[in-house]
Amino acid sequence: MRLPRSVAGWTIAVFGLLALLLGALGLIWPETQLRLLGFEVPAERARGDYTGTFLTASSMASFNMGVYYLLAVATEWRPFYRFTVWFRLVTFTVFTIAVLSDVAPDRFFAVAAWEGLGAVATAAGLWWDARRAGAATDDSVPGPVPATDAAR
């Protein structure tokens, strides 16, 4: 895998790697994943409790998303970077509302914060990369070449 070539790429790579690893954790050790998120892990699940099924689906989605993010980094797919900023802000909003409305435990706000901070970090990285590219373009555009240098 190729290392990120931009600040924004690094933010996407970090998120992608963590999504991949946390997805794998949920697939391999679902109880650990539930505890990390602040959910109870009863000794036995009641009939009709599909927590394990939902966690498997969520973990697989996280794993796949991690792969997508890392693929975007490998190809420096900048439109994808911009796309993630907006949708991570939407995710931050939805997860925050889930905590505030007691649908999710307070500890779940860490997931919302991670999404929000990640969106801001990627947006800042995109801004920084654009600014740096603009400065490099301004520095690399030479003025008129003296006639004596043109022949060399």
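By class, 22 nonpolar, 8 polar and 3 charged residues make up the lining of the largest pocket. This pocket belongs to a predicted model, and about 980 Å³ of space lies in it. The lining comprises 33 residues in total, and those nearest the centre of the pocket are Gln 33, Leu 37, Ser 62, Phe 95 and Val 111. Two or more lining residues come from each of the elements α1, α2 (30–36), α3 (51–74), α4 and α5 (109–140). Of these, α3 gives the most to the lining, with 10 residues.

The packing of the helices was examined next. Helix α1, which spans residues 7–28, packs against helix α4, which spans residues 78–100, at an angle of about 60°. The axes of α1 and α4 lie 10 Å apart. The two helices are therefore oblique to each other, and their crossing is left-handed. On the side of α1, the contact is made by Ala 8, Gly 9, Ile 12 and Phe 15; on the side of α4, it is made by Arg 78, Tyr 81, Thr 84 and Arg 88. Divided by class, the residues of the contact of α1 with α4 are 4 nonpolar, 2 polar and 2 charged.

Helix α4 also packs against α3. The axes of α3 and α4 cross at roughly 145° and come within 10 Å. Here α3 contributes Tyr 69, Ala 72 and Val 73 to the contact, while α4 contributes Phe 80, Tyr 81, Thr 84 and Arg 88. This contact of α3 with α4 has 5 nonpolar residues, 1 polar residue and 1 charged residue.

Most residues other than glycine have a negative phi. In the loop between α3 and α4 lies Glu 76, whose phi is near 50°, a positive value in a residue other than glycine. A further case is found in the loop between α4 and α5, where Asp 102 lies. Asp 102 is not a glycine either, although its phi is positive, at about 60°.

Notes: Residues are numbered from 1 along each chain as its sequence is written. This is a predicted model: local features need pLDDT of at least 70, side-chain atom pairs count only at pLDDT 80 or more; totals for chains, interfaces and linings use all residues. Side-chain values use heavy atoms; hydrogens and water are left out. Axes are lines fitted to C-alpha atoms, for helices over the stretch in contact, and angles run from 0 to 180 degrees between N-to-C directions. Helices (H or I, at least four residues) and strands (E, at least two) are DSSP runs, numbered from the N terminus. Angles under 35 degrees count as roughly parallel, over 145 as roughly antiparallel, 65 to 115 as roughly perpendicular and the rest as oblique. A crossing is left-handed if the near helix is turned anticlockwise from the far one by less than a right angle, and right-handed if clockwise. Contact means heavy atoms within 4.5 Å. Ala, Val, Leu, Ile, Met, Phe, Trp, Tyr, Cys and Pro count as nonpolar, Asp, Glu, Lys and Arg as charged, and the others, Gly among them, as polar. On a 1 Å grid over the protein atoms alone, a cavity is a set of points where a 1.4 Å probe fits but cannot get out, and a pocket is an open set with protein on both sides within 12 Å along at least five of seven lines; lining residues have an atom within 4 Å of a point. Grid points are joined across faces, edges and corners, and a volume is the space filled by probe spheres set on the points.
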